Amino acid sequence: MIHDIPQASPHEVGVAGMSQRGPGALVRTRLDRAAALAATDANAALTNLDALLHELHARRSNAADPLETDTRDALAREALDLRTGVALGDAALKTGFRRDFVASIARGAVWSDWAHGVPASVTIAQAILESSWGKSAPGFNLFGLKGEGPAGSTKRRVVEYRGGKRKIRTAHFRAYTHVDEALADHARILANGRQYARARAVNEDLARYAQALQGTYATDPRYADKLTAMIERYGLARFDWNPRSPWL
């Protein structure tokens, strides 16, 4: 069963100022077709959406593209939202608080993947591990990021490993005004931080990406294993954008 599939916008409703006959009209038509397909043939819809998202991603680096940046990104977000809705229906998540938590962050995670190259499955798995399914996330800090955030910081105890030994210490963690701020901050750090260059170099291999986060993002000697186990158990790789997509 397919859940949470947003309705495609009609042609007469513009996206970011796009008219029916504007440069984004063909993209609009393809999105509408994919939305219609999603209700009856999820794989066909996903194949079409992935092809469209590849095209929109390639157009980001084309200065002569007639689509304005805001329009292109709005269309991409709509395509990603539709794709995420289909993936939510097929992921190994039963109805309940776990599915609700994944649904609450999946769209932001998929955007981080498409726009910044941070695998959506890893983002979701990290949020699950670092916040205990959202139950322990003061200040909307789903990712255990330390320091000062847009809403200041919170102080709490944390388990760390130093020299192979488990220790408990108190640290300051970033605070946000909304979960979307936390997702954006997480994507920015993994996409730009020098310590994550090795992870970025292997972002098409989830196991190696997770391994590259061990000892850099987290000190837990089993961090990579925990991430990959979470991805496999709940089918989170279905949220990853191409070329990691299981449908192509």
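The legends below describe close-up views of a predicted model. Local features need pLDDT of at least 70 and side-chain atom pairs count only at pLDDT 80 or more, whereas totals for chains, interfaces and linings use all residues. Residues are numbered from 1 along each chain as its sequence is written, and side-chain values use heavy atoms, with hydrogens and water left out.

View 1. Beyond its neighbours within four places in sequence, L53 is in contact (heavy atoms within 4.5 Å) with A76, A79, L80, R83, W114 and W241.

**View 2. The ring pair F101 and W133.** Six aromatic pairs are counted in the model, a pair being rings of Phe, Tyr and Trp (its six-membered ring) with centres within 6.5 Å, stacked if the planes are under 30 degrees apart, edge-to-face if over 60 and tilted otherwise. The F101 and W133 rings, with centres 6.2 Å apart and planes at 70°, are therefore edge-to-face. Because F101 lies in helix α4 (residues 97-116) and W133 in the loop between α5 (120-131) and β1 (153-162), this pair ties together parts 32 residues apart in sequence. F101 is buried at 9% relative accessible area, and W133 is buried at 13% relative accessibility.

Definitions and conventions: Helix = DSSP H or I, 4+ residues; strand = E, 2+ residues; numbered from the N terminus. Buried < 20%, exposed > 50% of the residue type's maximum accessible area, 1.4 Å probe, protein only.
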